[in-house]
Amino acid sequence: VLDQRDVQEALSAPNILRLQADWTRRDEVISAYLKKYGKYGIPFNIVYGPGAPDGIILSELLSKKEIMRALAEAADLRLGEARYLLDTGKLDQALDSINAAIQLDPQQPAYFLVLGRIHLVSGKTAEAQLAFSEAARLDPANSEAAAIAARLVRKAGIRAYAEGVEA
């Protein structure tokens with residue numbers, strides 16, 4: 001996959017910095033880095049950028065679609081801004097930022113993941129569930145979004161049942 005022409009072109013863009021760790025001899029720095037991500041061997045591929053300051057870990061079996069999506073998401077300044085605002089507790093600004101991004105590209109699942117996280121931190125469980133469900137719909141391979149949405153649905157169902165019993 002990495003040898004495909006369009007993937008090579010994307011990875012050769014001027015705003016891309018490619019790093020490769022040499023694992024032919026064990027190295028404690030590399031071992032610590034891998035361990036940080038719960039990995040203990042190679043291959044290990046991760047993409048960083050303003051939209052993904054913590055990185056997007058790629059699967060061991062790379063696909064062109066996965067690489068291109070990760071590069072686009074990592075380069076997304078709007079996504080990076082919304083994540084930064086969320087991480088610094090500026091929830092209203094984070095919500096405004098991610099909603100503006102969604103207006104520009106309503107097919108971007110990463111936007112809905114951030115929207116879901118903003119709603120969760122704000123205590124808006126129903127809105128969070130809708131956002132995570134939309135992220136899962138847009139990217140069916142995203143098990144994180146589907147799992148969080150399902151957990152929130154179960155939680156809401158249990159709460160509704162408990163309120164019905166008390167009535």
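**Ground rules.** I worked on a predicted model, where local features need pLDDT of at least 70, side-chain atom pairs count only at pLDDT 80 or more, and totals for chains, interfaces and linings use all residues. Residues are numbered from 1 along each chain as its sequence is written, and side-chain values use heavy atoms, with hydrogens and water left out. I took helices (H or I, at least four residues) and strands (E, at least two) as DSSP runs, numbered from the N terminus.

**Entry 1, α6 and α7.** I looked up how helix α6 (residues 109–121) packs on helix α7 (residues 125–138), and found an angle of about 165° with the axes 8 Å apart. Axes here are lines fitted to C-alpha atoms, for helices over the stretch in contact, and angles run from 0 to 180 degrees between N-to-C directions. The two helices are therefore roughly antiparallel (over 145 degrees; under 35 counts as roughly parallel, 65 to 115 as roughly perpendicular and the rest as oblique). The crossing of α6 past α7 is left-handed, that is, the near helix is turned anticlockwise from the far one by less than a right angle. On the α6 side I listed the contact residues (heavy atoms within 4.5 Å) as P109, F112, L113, L115, G116, R117, H119 and L120. On the α7 side they are E127, A128, A131, F132, E134, A135 and L138. I sorted this contact into ten nonpolar, two polar and three charged residues. Ala, Val, Leu, Ile, Met, Phe, Trp, Tyr, Cys and Pro count as nonpolar, Asp, Glu, Lys and Arg as charged, and the others, Gly among them, as polar.

I then turned to helix α4 (residues 77–87), which packs with α6 at about 15°, the axes being 11 Å apart. This pair is therefore roughly parallel, and α4 passes α6 in a left-handed crossing. From α4, I noted R78, L79, A82, R83 and L86 meeting A110, Y111, V114, R117, I118 and V121 of α6. Eight of these contact residues are nonpolar, no residue is polar and three are charged. R117 of α6 is listed in the contact with α7 and also in the contact with α4.

I checked strand β1 (residues 45–49) against strand β2 (residues 52–58) and found antiparallel pairing over four bridges (pairing needs at least two DSSP bridges). A hairpin of two residues connects β1 to β2, and G49 stands opposite A52 of β2.

I located S31 in helix α2 (residues 28–36). Its relative accessible area is 17%, so S31 is buried (under 20%; exposed is over 50%, partly exposed in between, with a 1.4 Å probe and protein chains only). Beyond its neighbours within four places in sequence, S31 touches W23 and R26.
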